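Thanks for making the time this morning. I would like to walk through one model slowly, with the criteria behind each term stated as we go.

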Amino acid sequence: MRLLLVEDEIDIQSFLRTSLEETGYEVEAAADGKTAERLAVDGVFDILIVDLGLPDQDGISLILKLRQLGVRAPVLILSARRSVDDRVRGLEQGGDDYLTKPFALAELVARLRNLLKRNSPAGSDATRLRVLDLELDLLRREATRAGQVLQLTPQEFVLLEYLCRNAGRVVTRSMILDQVWGMRIQPDTNVVDVHIYRLRGKVDGPGQQPLIRTLRGVGYVLKDR
Amino acid sequence: MSSRTAKPILHSAAWRISLWATLAFACGTLLVFVFLHRFVADDIQRRSDAWLSGEVEVLGDVAEQTPMNALHDRLVEEVAELASKEVPNRDASASASNDSVFFLQTGGDGSLTLWVGAGNGAANLKAIQASKILPDHPTHLRVQGFAIPFRVASTRIGDGSYIYLGLSERDELRVLRNLRARFILLWLLLVLLGFGIVFYTTRRMLSHVREIAEAASRIGHSDLHARVPTTRHNDEVSHLALTLNRMLDRIESSMHQLHTITDSLAHDLRSPLTAIRGKLEMSLSAAMQVEHADPIVSAIEELDRLTDFLNKSLDVAEAKADALRLNRVPLDLDELLRIMIDLYEPSMSEKGLQLRLHSSGPLIIEADEALIHRMIANLFDNELKHLPASCTVHLRLMVESGGASLTLEDDGPGFDSEVLPHLFERRVRGKESNGHGLGLAFVDAVARAHGGQVSAANCESGGARIALSFPLAAE
């Protein structure tokens, strides 16, 4: 996976490059808009990370310019600003995502994976999801584990569906709040964790292999192998 | 937001101004009319006195030249002629009987020697004797039995007797009455016309002022780009509009400055925070043992709290300056509360708390979605952190006095009485609170930025009660 990182803060650029390369991305970095433009046109990238506060131009103008130049790859926007620009919301609706600084690395990685998957055509309109012996019928809103029907509330079903769609990948608490409840908040209580505990109590019965794993300080993952 | 309905006319400034202006105008014109009336009345009197003096001279001559026995008939003839024709201002349609002119002669001893006129003249003689009538000075005379007073002229003739000629003032009074009636009619018309003109012009001028006031009130907390309408004229009202607009320019520019400061502060703090957090996380993934990882994890958590504190501080600071930037969209509070309750319910019931919503159905406000989400999460977090087990939180959502009203009421221990008066200030927190004390200040900031209000009190039963109100979305 080739990734173009556009970030002018050298500190942030270097740790992002290191940790993204550890994750398996092939990273090219640019510290300003001009370099980014040249790199994006010359090479082919699967995904872009663009910081909004570039020294020579606004990050959003850069993204719009790259789109005009035919760059189709999804963009993860990084912003240290306080308010979310209307144009950022527009890009978000167009399939891109944004993350405010500071962020958890896991959050960044999870959102990148999410963007890449969203842009790949397969599997989005399936009516059934299958992860190991867990099966979700999206039409009947019914979940079964090893043939046993799970008694889930509608909200728990949506949460489990989100975990299944991201099976094998880390999802963070803010991603869950964003995608399942539709809000970008940072509660200083463990509201999401309690939902996950309850769901785990229903999905992982006694004697069964636990499917929902907690990654401390990071988030959750639904095991797919 | 603002009451767009027109105020009743009777309470408008245009009405008051026109009323006072008309009053002054009416008094002025009335004075002019009184003066004119006096002038005309005096003139009529003077003319009629001149005529009376002339006639009494003529009758004096006639009385001297005519023998006593023939005098009466001659005088009757003369007086009848006077009464019918020569009296000034005479109303031609009046009755033929002569009650407008009388002739009276007294002997040297003051007894009545000759009388021509209506009645026997006794009352007239009595009235003449009661008042001093000097020759050549026509005098006002009120006679018993006659409703209308007379004007009487006298002269002394050769034999030492006096003759008096009296003319009723009826015709004079009638002329003046007609004049007054016309004056009053004209005066009323003038006053009405004046009132109409003054009312129309002030109303037109003040309607500009009202437009400016309405536009200025629409320029609310967040919409500082709009300006009040200006007119082409170069008058006080357009000066007012221009001054207001200049003031708005200055406010907008200082608001912009504040935003620049908070933005760059946020940016300058967030970038190093991002770098620190990233480096900590990288060392975390390399750290092998749990005992090494723990301090790093807790450092990251501290960092996240610091970030949250930074965000909320800046939000509260901006809101205190009425400068919080809002991205308003229609938002159904009822739906939002249900989602929030769904999110918080498991945590609440883990702690043995109950959450009850009493809502009268969908309730739309125009609000910044992200801020309202964070505000309600804040309120719920508060309850979750501070309530002891087996308490119930009642949420009530309804339309009250034209706004959306949301109250949270619990049956817990309530607010600390020392903290209660300062609840919405920054850095205020209860003794056992471990937050940074911005929670309720943030709630207050968000409510106020949306034109709403928040208040906190302890219920009679002892629990805490927080009441929020927001303006409803326009239709």
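Predicted model: local features only at pLDDT ≥ 70, side-chain atom pairs only at ≥ 80, totals over all residues.

Residues are numbered from 1 along each chain as its sequence is written, and chains are lettered from A and ligands numbered from 1 in the order in which they are written.

Chain A has eight helices and 12 strands, where helices (H or I, at least four residues) and strands (E, at least two) are DSSP runs numbered from the N terminus. Of the 225 residues in chain A, 38% are buried, that is, they have 20 or more other C-beta atoms within 10 Å of their own, with C-beta atoms placed from the backbone. Among the contacts in chain A with a separation of 6 or more, 54% come from residues 24 or more positions apart, a contact being two residues whose C-beta atoms, placed from the backbone, lie within 7 Å.

Now the helix pair. Helix 2 (residues 33-42) and helix 3 (residues 59-68) of chain A pack at an angle of about 20°, with their axes 11 Å apart; the axes are lines fitted to C-alpha atoms over the stretch in contact, and angles run from 0 to 180 degrees between N-to-C directions. That is why helix 2 of chain A counts as roughly parallel to helix 3 of chain A, the cut-off for that word being under 35 degrees. On the side of helix 2 of chain A, the contact is made by A:G33, A:A36, A:E37 and A:A40, and on the side of helix 3 of chain A by A:L62, A:K65 and A:L66.

What is the strand order in the open sheet of chain A? The three strands run in the order 10-12-11, with antiparallel pairing, and pairing requires that DSSP finds at least two bridges between two strands. Strand 10 (170-172) and strand 11 (212-215) of chain A are the edge strands, each pairing on one side only. Strand 10 of chain A pairs with strand 12 (residues 219-222) of chain A over three bridges, and A:V170 stands opposite A:V221.

Finally, 33 residues of chain A are in contact with 35 residues of chain B. Helix 1 of chain A gives the most to this side of chain A, with six residues.

Definitions and conventions:
Buried ≥ 20, exposed ≤ 12 C-beta atoms within 10 Å, placed from the backbone. Parallel < 35°, antiparallel > 145°, perpendicular 65-115°, else oblique.
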